[in-house]
Amino acid sequence: MQLQYFLILAAALFCIGIYGLINSRNAVRVLMSVELMLNAVNLNLMAFSNFLDPQTIKGQVFTVFVIAIAAAEAAIGLAIVLAIYRNRDTVDMEQFNLLKW
Amino acid sequence: MDLAQGVQTVSFGLLSLMMIGAALGVVLLSNVVYSAFLLGGTFISVAGLYLLLNADFVATAQVLIYVGAVNVLILFAIMLVNKRQDFEPIQRGWIRKVATAVVCTGLFALLSAMVLTTPWAISATTAVGNGAIVAIGLHFFSDFLLPFELASVLLLMALVGAVILARREFLPEQPLDAGLQQTPVLTLPERPRELASTAPGSPERTITGSPGDRNA
C-alpha cells in the first residue's frame with residue numbers, strides 16, 4: 001500500500017467528475033459529478049493524512065469540513081435545480097441560458 | 001489497521017475497481033436513477049478506502065452523510081423532477097465530448113506523472129489508529145475552533161437558503177372580500193370600507209383613516 005496508488009485513484013475519480021460535469025445534460029447529474037469531484041479531493045486529503053502526517057491527523061479534520069460543506073452544497077444546488085425546473089419546466093442544461101447575453 | 005499486506009492489496013484492488021466502475025456508471029449511464037444508485041456505490045467504496053487509510057471516524061461520517069443524506073437528497077430531487085424527456089441533440093455535440101475526454105485524459109496523465117515523480121516525505125511513525133476520534137476532537141476545539149463554528153453557521157445558512165429557494169410561492173386566487181370587486185380600480189385595496197362608508201365630499205376622512213380602523 002503506497003501513497004501513489006491512492007493519489008492516482010483520486011486523480012482518476014476527479015477526471016471522471018470533470019467529464020461528467022461538462023458533458024451532462026441533466027442538471028441533477030451535474031450535481032452528482034460535483035459530488036464525485038469532492039470525494040476525489042477527500043480521498044487525496046485522507047491519503048496525505050495517513051502517509052505524511054499520521055500523528056496529528058489534520059487531513060481528517062479537513063475532510064470532515066469538506067463533507068459538511070458538500071452537504072450544504074448539495075442542499076442548495078438541488079433547491080436551485082427545483083426552482084429552475086418550476087420556472088423553465090425542464091432540467092436540460094442546454095436550455096438554462098438565463099445569464100447568457 | 002492490522003490487516004496483512006495481501007489482504008490490504010486485494011481490498012484496495014476491489015474497492016478501486018468498484019469505485020471507478022461506479023463513477024463511470026454515474027457519468028455515462030443514460031438513466032439518471034441508475035446513476036443515483038451507483039453514486040451511492042461510489043460513496044461506499046470511498047468509505048472502504050478510508051478504512052484502509054486508518055480513518056474509522058471519517059469512514060463512518062462518509063457513510064452517514066453521503067450515503068444517508070446526500071444520496072437520499074439526490075434521489076428525492078430526481079423524484080421531484082421526474083420529467084421524462086428526451087433531450088434534443090445539439091449541433092456538433094460530439095466535439096465537446098471528444099474534447100472533454102481528451103482534456104480529462106491529459107489531466108489524468110499529468111497528475112499521474114506528477115504523483116509518480118514527486119519524492120514524497122513518507123512519515124515513518126505509526127498511525128494514530130483508534131485514537132483518531134480523540135485527535136479530531138482536540139483539533140476541533142483547539143486550533144480549528146473558528147472554522148468549526150463557521151461551518152455550523154454555514155450549515156444554518158444553507159438550511160434557510162434551501163427552504164427559501166425551494167419554497168413554492170402561492171398566489172392568492174380568491175379575492176379577499178366580496179365587496180372588493182365593486183370598488184373602483186384606482187383605489188387602494190386596503191381601504192374599501194372607508195370609501196364605502198364616507199360621502200364623496202369629505203376627503204379628510206379618507207386621508208386620516210388609518211388602515212387600523214377597518215376593523216373598527
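Guide: Let's start with a word we'll need: a helix here is a DSSP run, H or I, of at least four residues, and helices are numbered from the N terminus. Keep in mind that you're looking at a predicted model. Our spot is A:Asn23, which sits in helix H1 of chain A, the one covering residues 3-23. Is A:Asn23 buried or exposed? Its relative accessibility is 11%, so A:Asn23 counts as buried. Leaving out residues up to four places away in sequence, A:Asn23 touches B:Arg96, B:Lys97 and B:Thr100.

Helix H4 of chain B spans 93-117, and B:Arg92 lies in the loop between H3 and H4. B:Arg92 has a positive phi of about 55° although it isn't a glycine. At 58% relative accessibility, B:Arg92 counts as exposed. B:Asn54 has a positive phi too, about 60°, and it isn't a glycine either. You'll find B:Asn54 in the loop between H2 and H3 of chain B, but at 14% relative accessibility B:Asn54 counts as buried.

Now for a pair of cysteines, one in each chain. The sulfur of A:Cys15 has its closest cysteine sulfur in B:Cys104, 5.6 Å away, which is too far for a bond. A search of the whole structure turns up zero disulfides over all chains.

Last stop: H1 (residues 5-28) and H2 (residues 32-52) of chain B. Their axes come within 8 Å and cross at roughly 155°. Angles over 145 degrees count as roughly antiparallel, so that's how H1(B) and H2(B) run relative to each other. Their crossing is left-handed. Among the residues making the contact are B:Phe12, B:Leu15 and B:Met18 of H1(B), and B:Leu38, B:Leu39 and B:Val46 of H2(B). Sorted by class, the contact between H1(B) and H2(B) has 12 nonpolar, eight polar and no charged residues.

Methods:
Residues numbered from 1 in each chain as written. Chains lettered and ligands numbered in written order. Predicted model: local features only at pLDDT ≥ 70, side-chain atom pairs only at ≥ 80, totals over all residues. Heavy atoms only, no water. Axes fitted to C-alpha atoms, helices over the stretch in contact; angles between N-to-C directions. Helix = DSSP H or I, 4+ residues; strand = E, 2+ residues; numbered from the N terminus. Parallel < 35°, antiparallel > 145°, perpendicular 65-115°, else oblique. Left-handed = near helix turned anticlockwise from the far one by under 90°. Contact = heavy atoms within 4.5 Å. Nonpolar A, V, L, I, M, F, W, Y, C, P; charged D, E, K, R; others polar. Disulfide = S-S within 2.5 Å. Buried < 20%, exposed > 50% of the residue type's maximum accessible area, 1.4 Å probe, protein only.
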